[in-house]
Amino acid sequence: YLSIMQKYWNQYSESRFQALTSLNKSEFASLLAEFQPIVENYFRIHTFTGAIRRRNMYREQSNSSLLGAEYKLFFTLYYLKNNSLQESIGAFFNICQGKVSMWTKQLLPLAQEAIGKLGLLPIQDADVFYRLLTSIEADPILYQDATVRPIERSTDWQVQNEFYDGKHKKHTVKNHIVCGEDSHVLYTSPLYEGKIHDKQLITEERLRFPENVVLLQDTGYQGFETEATVFMPKKKPKGKELSGLDKTLNHIISSIRVKVEHVIGGIKIIRMVKEKIRLKTENTKQMVFIIAVGLHNLRKKYRKIIHQS
């Protein structure tokens with residue numbers, strides 16, 4: 001166990017550790033502080049397969065395939081960051097493919113809970129988000145956009161039709177996000193099929209913004225009605241050209257709104273939400289995205305603190 005820990009904790013350089021997990025070592029340590037008691041309490045009551053133990057276990061067995069909270073967290077982050085085949089992950093951690101599947105099923109919700117303990121998960125309820133915005137005294141500047149993720153094509157042609165994204169020419173799922181000036185993601189929508197348009201998506205989730213909000217968005221939200229002050233590039237009229245002034249204003253708005261594109265890029269450092277996801281259930285696909293958003297918020301928070309200090 002110690003040799004394994006030394007391999008990834010001490011011997012890996014900062015850059016390699018970050019490449020494998022998306023976090024540097026200090027960020028990993030901050031998340032581990034919340035993750036360790038959660039995972040220890042969980043496995044004290046539950047078995048490796050998730051069943052309730054007849055008697056509570058007070059010490060982890062020394063022959064565990066992922067011994068210790070540190071190794072479990074490293075495994076979870078590695079799994080999300082690299083999106084490798086489970087056989088490949090099993091070879092890296094010297095465990096079989098079946099155990100990779102069982103470990104991820106148990107550890108992903110615990111990782112999400114640990115990020116939540118740090119207060120870094122996005123709000124997922126539109127009404128709760130609206131109440132938060134109305135409680136802010138200052139006039140917040142917010143950015144909204146939708147992000148798509150490729151998925152495997154279903155064998156059911158009706159499901160294929162729902163999830164086929166004509167714009168990207170692939171089968172996808174979609175989430176809508178709202179972030180602030182500090183690039184912290186404040187809100188994330190439920191999971192939607194890739195076919196749905198951005199305007200229809202935001203209408204279905206009934207997302208509202210109070211009048212004290214300044215909102216920047218792209219032309220995909222044309223026709224979205226809100227109390228907020230909205231800045232959006234002007235669409236080119238059919239068969240006509242935009243004026244020089246309109247082109248200049250569009251360029252200014254787009255150069256400001258690019259912040260949300262950088263945020264989406266930060267979320268997609270986690271390759272499982274960038275590349276084709278092989279997980280089957282909708283709940284797991286959504287959980288993986290929420291964890292990726294939480295890890296983005298963690299990196300933004302801790303690197304900003306280090307930069308300021």
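Q: Is Ala33 buried or exposed?
A: Ala33 has a relative accessibility of 51%. Buried is under 20%, exposed over 50% and partly exposed in between (1.4 Å probe, protein chains only). At 51%, Ala33 therefore counts as exposed.

Q: Which helix holds Ala33?
A: The model is predicted, with local features needing pLDDT of at least 70 and side-chain atom pairs pLDDT 80 or more, while totals for chains, interfaces and linings use all residues. Residues are numbered from 1 along each chain as its sequence is written, and side-chain values use heavy atoms, without hydrogens and water. Helices are DSSP runs (H or I, at least four residues) numbered from the N terminus. Residues 25–45 form the helix that contains Ala33, namely H3.

Q: What separation do the C-alpha atoms of Ala33 and Arg208 have?
A: Along the chain, Ala33 and Arg208 are 175 residues apart. Between their C-alpha atoms the separation is 36 Å.

Q: How is H2 oriented to H4?
A: The axes of H2 (residues 14–21) and H4 (residues 69–82) come within 6 Å and cross at roughly 70°. Angles of 65 to 115 degrees count as roughly perpendicular. H2 is therefore, relative to H4, roughly perpendicular.

Q: Which residues of H4 does H2 meet?
A: On the H2 side, the residues are Phe17, Gln18, Ala19, Leu20 and Thr21. Contact is heavy atoms within 4.5 Å. The residues of this contact divide into six nonpolar, three polar and one charged.

Key
Helix = DSSP H or I, 4+ residues; strand = E, 2+ residues; numbered from the N terminus. Axes fitted to C-alpha atoms, helices over the stretch in contact; angles between N-to-C directions. Parallel < 35°, antiparallel > 145°, perpendicular 65-115°, else oblique. Nonpolar A, V, L, I, M, F, W, Y, C, P; charged D, E, K, R; others polar.
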